Amino acid sequence: MSASRVLVLNSGSSSVKYQLLDMGDSSRLAVGLVERIGEETSRLKHTHVESDTTREWSGPIPDHEAALKAVAEELAKDGLGLDSPELAAIGHRVVHGGQSFTAPTVVDGAVLAEIERLIPVAPLHNPANLTGIRTARALRPDLPQVAVFDTAFHTTMPESAARYAIDTETADAHRIRRYGFHGTSHAYVARATAKLLGKAPEDLNIIVLHLGNGASASAVRGGRCVDTSMGLTPLEGLVMGTRSGDMDPAVIFHLMRVGGMSTDEIDTLLNKKSGLIGLCGDNDMREIRRRVDEGDEQAQLAFDIYIHRLKKYIGAYYAVLGRVDAVAFTAGVGENASPVREAAVAGLEELGLAVDGELNAVRSDQPRLISPEYARVAVAVVPTDEELEIATQTYALVGSNTRQ
């Protein structure tokens, strides 16, 4: 008998997203979300894919242990319980793996200790990820628990791309370097783009643009990341929904000295009150585009700044790669906002980039090309699937040990 199912858990500070997949055919069996953990108004939404039925539940869920027990109960109602012999492993999204973790890793005591040691560079994410892993281990101590790291795909960056130009002793003492994030998405989309083009990932140079509320770009040469826009934290790089992206670091000193702002206030400003929401009061690209179409100058400026930064990264990564075979748009904005895609490559015809208006206007959940046939560089829309990527990496690591 072959155990081919993988449960993917993405544990946030007050939420747990989950999917159960059968890796025999990469199909989804169940998907769900527990949110507002720790509140009286906690909510669980569970969908059994085969029967296309959804159950919702509201009430107090005090902690992650209770949340995962509730998830287990919902799965059991559909005959998909955690005690099933067909469950091969549980794959966990872990945001920060530092330099220690370059691939999916079976969790043991030493792995937990290292993830905990990395909390200072990921204080918002790693604690919640740890809680999810520990709770799942308690529920199924006999089952392999696999950590899949957002940073792992970017560990192939050369030192010239990963290092900041600061004193090396200080940098090494405090583990200050560019780690990058959204790695599971960038890995999946780079590989899916190669498949769309009918070529091997090793033969292509691809710029991946993951554009959601959080946004990042990567330069992928032969299937390996050689540069990415996020850095020590997810704050660096592109303009995002609520994050500033690239900025002169001296702005921070100025706000402290002249503005009298505390470290925490500046942290909140740059991570939660900047980006699109800071520029125009909205972080939803659909609403911004509606306002642009109505002649709203503030929304137009926010859109223009967003596109200007995005275009700069496309040009920069073109230079890093030397040759570009494809540019792939993904995530919520990248997959759905045709004006963003059009504007991002406008004026880059000399670089071989162009978008076909009719192809770009098509809405689909399938990978597709939106560039005209004559374009030297393929421009693609490739829906990301981070859960499938986590499940794939998890099963590749432990699947061979589950066959009897």
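Student: Are F101 and F149 buried or exposed in this model?
Tutor: Buried means under 20% relative accessible area, exposed over 50% and partly exposed in between, with a 1.4 Å probe and protein chains only; F101 and F149 are both buried. The model is predicted, so local features need pLDDT of at least 70 and side-chain atom pairs count only at pLDDT 80 or more, while totals for chains, interfaces and linings use all residues. Residues are numbered from 1 along each chain as its sequence is written, and side-chain values use heavy atoms, leaving out hydrogens and water.

Student: What kind of aromatic pair do F101 and F149 form?
Tutor: Rings of Phe, Tyr and Trp (its six-membered ring) pair if their centres lie within 6.5 Å, and planes under 30 degrees apart count as stacked, over 60 as edge-to-face and the rest as tilted. F101 and F149 are stacked, at 4.4 Å centre to centre with 5 degrees between the planes. Because F101 lies in the loop between β6 (87–94) and β7 (105–106) and F149 in strand β8 (residues 145–149), the pair ties together parts 48 residues apart in sequence.

Student: How are Y313 and Y317 arranged?
Tutor: Y313 and Y317 form an edge-to-face pair, 5.6 Å centre to centre and 80 degrees between the planes. Being four residues apart in helix α11 (residues 297–321), they are separated by about one helical turn; helices here are DSSP runs (H or I) of at least four residues and strands (E) of at least two, numbered from the N terminus. Y313 is buried, with a relative accessible area of 13%, and Y317 is buried at 2%.
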